[in-house]
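This briefing concerns selected local features of one protein model.

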Amino acid sequence: MAQNILRTNDPNINISYKRENNTYSKTLNTSNRNELQSHLKTVKSDTSFALIEKDIAYIDNSLLKRADLPALWQKIKETKGLIIDLRNYPGDFPGYEFCNYLLPKPTDFVQRSYGSIENPGTFTLEDPLITGRENPDYYKGKVVILINEVSQSASEFHAMRYRVHPNAMVVGSPTAGADGDFSQFYLPGGISTGISGVGVYYPDGRETQRVGILPDVYVKPTIKALNEGRDELLEKAIEVIGMK
C-alpha cells in the first residue's frame, strides 16, 4: 500500500509547494514504476570506496563486495576514520566478513525470537549472534555509520554489526524499523502482504522493530543544503572523526 498510495496512471501531475514562504505550482511528468529503483539511494556514487581526505575512508555498503575486502583493507587500516554509508541496501551482504577486519574480538550484536507453528503464541529467544573474530590488528580509528529512513531490513542488521566496534558512532535519523526475515502471506481477494517473520533485538533485549536503529548524533538534511548539493550527514561524519 505504501508503494502505491501516491501513484497515478496520468502522464503528469500538478503540485503546489512552498519555498522561502512563497507558494508555487508546477506540472511534473510521472514515471513508470518499472523505471524506478526499489531501494532509493540518498547519495549517488560509482564506487564502493573512496578517500574523502587522505586519512578518512568512505565505504558505500550497497556497492561493497566481499571479494574486494582484502585489497580495500590495505587502504583503510591506517586511516584515522572510516565512514560506512548505510543509506541504501547491501548488495553482497559484506558486513559478515567486514567485521572480521574491523573488530578486536567476537562480539554479541543481535538476538532473535521465533514463533512456533506447532504451538501458536509460543516464542523462543535464541542466544545472541556473534560478529567478528580475535584480531589484534583490528581497525583502531573511528567508525561513523550513516543511516536514515531508507536504511531498512538487511541495512539495519548491518548497522547493528558495525555499531559494536569499540569506537563507533551512528549519525543520521532513525531507520525504517523493519528488519527480520520477510514472511509473505495473502489476504482475501488475493492481496499480498508480509510481516517480519522473526523478532530482532539488541543483546540487552531492546527492540529494533517499529523503533529502528537510533542515531547517536541526530542529523536530517535541510532544504538549503539539498539545494546547494551538500550532504550534511557526511559533513557531520567528517566533523565527528575530527573531534578528539
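A residue counts as buried when its relative accessible area is under 20%, as exposed when that area is over 50%, and as partly exposed in between. By this criterion Y139 is buried, because its relative accessible area is 0%. The model discussed here is predicted.

**Strand pairing**
- Strand β3, residues 49–53, pairs with strand β4, residues 56–60, in the antiparallel sense, and 4 bridges join them.
- Within this pairing, A50 has Y58 of β4 as its bridge partner.
- The two strands β3 and β4 make a hairpin, with 2 residues between them.

**Aromatic pairs: Y17 and Y24**
- The structure contains 7 aromatic pairs.
- One of these is formed by Y17 and Y24, whose ring centres are 5.5 Å apart and whose planes meet at 25 degrees, so the pair is stacked.
- Y17 is partly exposed, because its relative accessible area is 26%.
- Y24 is likewise partly exposed, with a relative accessible area of 36%.

**Aromatic pairs: W73 and Y139**
- An edge-to-face pair is formed by W73 and Y139, at 6.2 Å centre to centre and with 70 degrees between the planes.
- This pair links distant parts of the chain: W73 belongs to helix α1 (residues 69–76), while Y139 lies in the loop between β8 (129–131) and β9 (142–147), 66 residues apart.
- Ring pairs join W73, Y101 and Y139 into a cluster.

**Charges over rings**
- Y101, a member of that cluster, has the charged end of R133 over its ring, 5.9 Å from the ring centre.
- R206 is placed over the face of Y202, at 4.2 Å from the ring centre.

**Loop residue N135**
- N135 is located in the loop between β8 and β9, the loop that also holds Y139.
- N135 is buried, because its relative accessible area of 11% falls under the 20% limit.
- With neighbours within four places in sequence left aside, N135 is in contact with N100, Y101, L103 and P104.

Technical notes: Residues numbered from 1 in each chain as written. Predicted model: local features only at pLDDT ≥ 70, side-chain atom pairs only at ≥ 80, totals over all residues. Heavy atoms only, no water. Pairing = 2+ DSSP bridges. Phe/Tyr/Trp six-rings, centres within 6.5 Å; stacked < 30°, edge-to-face > 60°. Buried < 20%, exposed > 50% of the residue type's maximum accessible area, 1.4 Å probe, protein only. Lys NZ or Arg CZ within 6 Å of the ring centre and 35° of its normal. Contact = heavy atoms within 4.5 Å.
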